Amino acid sequence: MPVVISGTNGITNATWTTATRPSAPSTGQQGYNSNLNVIEVYNGTSWQATSVAPYYSASYLIVAGGGGGGRANGGGGGGAGGLLTGTSTLNLGTVYTATVGGGGSGSSTAFGANGSNSVLSGTGITTVTSIGGGGGGGSDTGNTSDNPGRAGGSGGGSGTQSSTTVAGGAGTSGQGNAGGSGVSDNATYRNGGGGGGASAVGANATSGGGGNGGNGTASSITGSSATYAGGGGGGTFTTTNGTGGSGGGGNGGTSAISATAGTTNLGGGGGGGGLNPTFISGATGGSGVVILSVPTANYTGTTTGSPTVTTSGSNTIIKFTASGTYTA
């Protein structure tokens, strides 16, 4: 495509992407690469940038810490950490901070603790905050009350001890879903609701057992698919526990086994506690994660906090499993 000169409006270069560059360029041929936001010239061997844009686009996945499971009998599963994906513009030379939220602790008294938020922040971008998962509800120390699941990125499932059915905690719009309700007849069954997940609500408990945790959401930001932010399963007074949702949700406890924790760096909710007193405690939620995907041509290599750095196609992936920074 020829250079176009338009009066006093300057020169308009040919435009292409990295994939559609001229297949047989001549030395000195130049054009605007819309993928890299630069004017580039062919030097006879390779394409070289002649200008550097002061910014570039990055994709992100941010998952908060999952909520902890509630206490027996029939403890609610912890809600998954909130999950957000999107793109943002990074400014050259700016330091961006990734804060990775921890999982909430399981409870041996009543509510599981909420997970902590995960955050991506820095000058020139809108701060992105994923909300920690809600803790699961459970019986209080007097062993006579019911506690609803806590609200969070995804809501915690409700625990139960008496004959009252209690609704699960609310999720955050765009980040997760509500937890399920617990159910009991205060004699033969006491079953907790499942924690909400990024893609589905936590299941309500039934007379047959604890509710399953809601499923998480799959992402291929690293170059391979992985599922994040599953809800924790509800615990049970008997033997049929709720199972954790896909994406790191922990299983609820039973009359014979302890609840299991949410998976580290997947933001899964912890399972609700089982039979009092042997398997009373809810389990801890899984910690979150912050992942950035930037064009390899723009990647600076300047980080703190020891993130895992890999490549996928034309992008470099920066995975923060603990808090750190990246300088664009």
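This is a predicted model: local features need pLDDT of at least 70, side-chain atom pairs count only at pLDDT 80 or more; totals for chains, interfaces and linings use all residues.
I started at Tyr189, whose backbone oxygen lies 3.1 Å from a polar atom of the Ser184 side chain.

I stayed with Ser184 for a moment. Ser184 belongs to strand S12, residues 183–184. Is Ser184 buried or exposed? Its relative accessible area comes out at 4%, so I put it down as buried. Setting aside neighbours within four places in sequence, I found Ser184 in contact with Thr160, Gln161, Ser162, Ser163, Tyr189 and Arg190.

I noted another arginine over a ring: Arg150 lies over the face of Phe111, at 4.1 Å from the ring centre.

Next I looked up strand S16, residues 289–295. Seven of its seven residues are buried, so the rest of the structure largely encloses this strand. Which strands does S16 pair with? I found S7 (residues 55–63), antiparallel over five bridges, and S19 (residues 315–320), antiparallel over six bridges. Ser293 of S16 is the bridge partner of Ser59, and Ser293 also stands opposite Ile317 in S19.

Last, the aromatics. I count one aromatic pair in the structure. It is Tyr299 with Tyr326, stacked, 5.8 Å centre to centre with 10° between the planes. Tyr299 is in the loop between S16 and S17 while Tyr326 is in strand S20, so the pair ties together parts 27 residues apart in sequence.

Definitions and conventions: Residues are numbered from 1 along each chain as its sequence is written. Side-chain values use heavy atoms; hydrogens and water are left out. Helices (H or I, at least four residues) and strands (E, at least two) are DSSP runs, numbered from the N terminus. Buried means under 20% relative accessible area, exposed over 50%, partly exposed in between (1.4 Å probe, protein chains only). A polar contact is a pair of N or O atoms within 3.5 Å; within protein, one must be able to donate a hydrogen and the other to accept it, and residues adjacent in sequence count only if both atoms are side-chain atoms. Contact means heavy atoms within 4.5 Å. Two strands pair if DSSP finds at least two bridges between them. Rings of Phe, Tyr and Trp (its six-membered ring) pair if their centres lie within 6.5 Å; planes under 30 degrees apart count as stacked, over 60 as edge-to-face and the rest as tilted. A charge sits over a ring if NZ of Lys or CZ of Arg is within 6 Å of the ring centre and within 35 degrees of the ring normal.
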